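Subject: Structure for you to look at

Hello,

Here is the structure I said I would pass on.

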Amino acid sequence: MTSNSSEKMSAGQIYRRLLTYAKPYWPAFVISIIAIIIFSATEISLAAIMEPLVDGSFVDRDPDTIRLIPLAFIGIFIIRGIANFITTYGLGWIARNVIKTLRGQMFERLITLPASFYDQSTPGQLMSKLLYDVEQVANAVTDAIIVVIRDTITIVGLLAWMIYLNGTLALIILLTVPIIALLIYKISSRFRRISKMIQESMGDVSHISSEVIEGHREVKTFGAQQYEINRFDKVNQQNRRQRMKMLATDAISQPIIQFITVLGLSLVIYLATVPEMLEQITPGSFISFVTAMFMILTPLKRLTKINGKLQQGIAAAQSIFALLDEQPEPDMGSKTIDRARGDIQYNNINFSYHASTSNVLEDISFHAKPGQTIAFVGHSGSGKTTLVSLLARFYTITGGQILLDGIDINDLKLTNLRQQISLVNQQIVLFNDTVANNISYGHSQQVSNEQIIAAAKAAHAWDFIERLPDGLATQVGQNGVLLSGGQRQRLAIARAILRDAPILILDEATASLDSKAERHIQAALETLMEHRTTLVIAHRLSTIENADQIIVMHDGRIVEAGTHNELLAMGQHYAQLHSQQFQEKPIDISS
Ligand SMILES: Nc1ncnc2c1ncn2[C@@H]1O[C@H](COP(=O)(O)OP(=O)(O)OP(=O)(O)O)[C@@H](O)[C@H]1O
Ligand SMILES: [Mg+2]
């Protein structure tokens with residue numbers, strides 16, 4: 001699904017592309033950078049102030065210095081605090097804006113992506129791009145900016161101050177710093193490896209638990225509790241193990257770094273106290289030197305770790321850009337129809353889901369005149385759902401032509417084409433909203449309650465809606481879990497009635513319902529099909545008997561077509577299907 005240009009983008013290209021998102025906010029950026037530089041300067045001045053503090057206040061007891069130093073401390077911390085606030089706020093503001101833009105673009109892209117894209121990605125993957133990847137990019141970039149600029153300046157500044165104080169001693173520090181840097185680098189690359197494994201094991205933890213949460217009924221009925229507990233125990237254990245590795249690395253690295261620092265410090269103290277040195281160095285400059293030395297450690301640590309964080313950010317940015325670069329649904333059409341008459345013609349349609357696989361549909365031709373009902377029957381997997389979904393251009397046909405009112409559907413604007421179609425699917429989808437909003441879903445204008453009630457009545461749904469605790473205002477729950485299967489179907493039918501499109505595609509659910517619900521739904525469907533061209537994948541005998549034409553599918557081909565009586569008289573495929581299934585089980589022929 002990501003076989004496009006963004007996979008091949010180099011890190012540099014990714015930076016530049018990210019930068020275009022931050023560009024509009026450049027004034028805030030410049031101000032933040034200045035604040036960062038000021039902040040670094042206060043760091044260095046903290047080390048520097050130690051010298052007059054010790055020499056002036058304590059050794060020389062100079063009254064001016066004694067008065068000034070406390071004020072200087074206060075001043076430094078006020079400046080530092082303001083600079084820090086401006087940096088955090090400024091960069092945070094930019095980052096939040098960039099996140100919002102990126103998220104918005106990703107969402108807009110998601111909505112325009114073709115069905116084939118969704119076939120190949122899981123909701124979990126897409127959600128994590130939208131939720132985590134974007135945050136990760138922004139964090140990595142802001143951190144990188146702060147760390148690289150602030151810490152580099154701080155380190156260089158502190159080193160320069162040490163050299164200024166005493167060249168010989170500074171030389172020792174210049175030798176220890178690379179050792180510590182290397183050590184931290186090694187440790188953090190180990191951290192990175194482990195944290196990748198932790199991420200994966202967290203993925204397993206969430207994957208297994210979400211499966212159990214969503215499939216709690218299956219787990220119970222299949223008695224799979226122990227199996228799931230064992231499965232979870234494994235990933236839980238794995239997660240603990242990785243965490244412990246991380247913890248151990250951290251626990252051991254701290255003392256090692258401290259030890260090396262102390263070695264350096266001891267060497268500094270030793271050298272500073274040899275008689276020749278003692279003459280050159282004042283207590284103040286010594287304290288100032290040691291302070292600078294300790295202060296260099298933290299920025300050094302951050303600087304050596306930043307690469308790992310940046311790599312994560314780049315990986316996340318790559319995943320975001322891959323999504324943004326996906327091709328939206330092709331929509332080359334320019335023609336529009338106001339309201340189609342509903343004349344549908346399939347001419348020698350071939351179709352396969354992937355270029356590499358064999359055809360799912362072969363040479364499909366039929367003609368539905370305005371207002372007619374065409375029923376499709378055939379074994380499960382024979383291609384019925386695929387066939388009708390091509391009309392709404394969910395997939396691009398491989399060969400042949402579909403005409404609507406004599407116009408090739410590829411020449412129609414996609415939105416215009418889909419306006420002509422009401423779709424009641426095999427799997428009913430309801431939104432986590434009220435009954436009323438589910439019925440009026442997709443209507444751009446305000447729909448009155450009267451219209452909604454009329455549609456609900458026509459769909460034979462009003463009886464049960466009236467009895468719901470809040471009537472039309474009742475929340476249906478995620479995907480309508482709070483309703484029964486038959487009630488969900490009738491809501492979907494009410495939605496289609498309100499939409500009032502000239503073409504109806506009906507992919508009947510195979511689930512059998514009790515005869516009362518069945519009668520209700522049958523009656524609702526009849527209302528819905530009136531005055532519309534209907535392509536129905538039928539599992540109900542009555543729908544099929546009344547159809548103007550029945551098309552019998554087998555392995556992606558049309559093997560028979562005709563009316564119920566004609567096909568029965570032919571005594572072949574349909575007659576067989578009919579005698580096998582409709583006699584004993586009038587509702588379900590497809591499984
Ligand atoms: N999104 C998809 N990607 C790849 N192959 C698919 C996809 N959807 C369906 N198929 C394949 O296409 C064939 C036809 O499937 P289709 O859903 O059209 O059958 P159907 O006649 O509607 O079956 P049923 O009566 O069970 O609903 C099947 O072999 C199926 O595996
Ligand atoms: Mg189907």
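Predicted model: local features only at pLDDT ≥ 70, side-chain atom pairs only at ≥ 80, totals over all residues.

Residues are numbered from 1 along each chain as its sequence is written, and chains are lettered from A and ligands numbered from 1 in the order in which they are written.

Whole chain

The protein chain has 21 helices and 10 strands; these are DSSP runs numbered from the N terminus, helices being H or I of at least four residues and strands E of at least two. Its C-alpha trace spans about 120 × 50 × 50 Å along the principal axes. The radius of gyration is 36 Å, whereas a compact globule of 591 residues would have one near 25 Å (taken over C-alpha atoms; the globule rule is 2.2 Å times the number of residues to the power 0.38). Of the 591 residues, 29% are buried (20 or more other C-beta atoms within 10 Å of the residue's own; exposed means 12 or fewer, partly exposed in between; C-beta atoms are placed from the backbone).

Helix α11 and its partners

Helix α5 (residues 123-165) and helix α11 (residues 297-324) have axes that come within 7 Å and cross at roughly 150 degrees. Axes are lines fitted to C-alpha atoms, for helices over the stretch in contact, and angles run from 0 to 180 degrees between N-to-C directions. The two helices are therefore roughly antiparallel (over 145 degrees; under 35 is roughly parallel, 65 to 115 roughly perpendicular, the rest oblique). The residues of this contact are 17 nonpolar, six polar and six charged (nonpolar: Ala, Val, Leu, Ile, Met, Phe, Trp, Tyr, Cys and Pro; charged: Asp, Glu, Lys and Arg; polar: the others, Gly among them).

Helix α1 (residues 11-22) also packs on α11, at an angle of about 70 degrees with the axes 10 Å apart. That makes α1 roughly perpendicular to α11. A11, I14, R17 and L18 of α1 meet I314, A317, Q318 and F321 of α11 (contact: C-beta atoms, placed from the backbone, within 7 Å). These divide into six nonpolar, one polar and one charged.

One residue

G92 lies in helix α3 (residues 63-112). G92 counts as partly exposed because it has 14 C-beta neighbours inside 10 Å.

Regards

Definitions and conventions
Contact = placed C-beta atoms within 7 Å.
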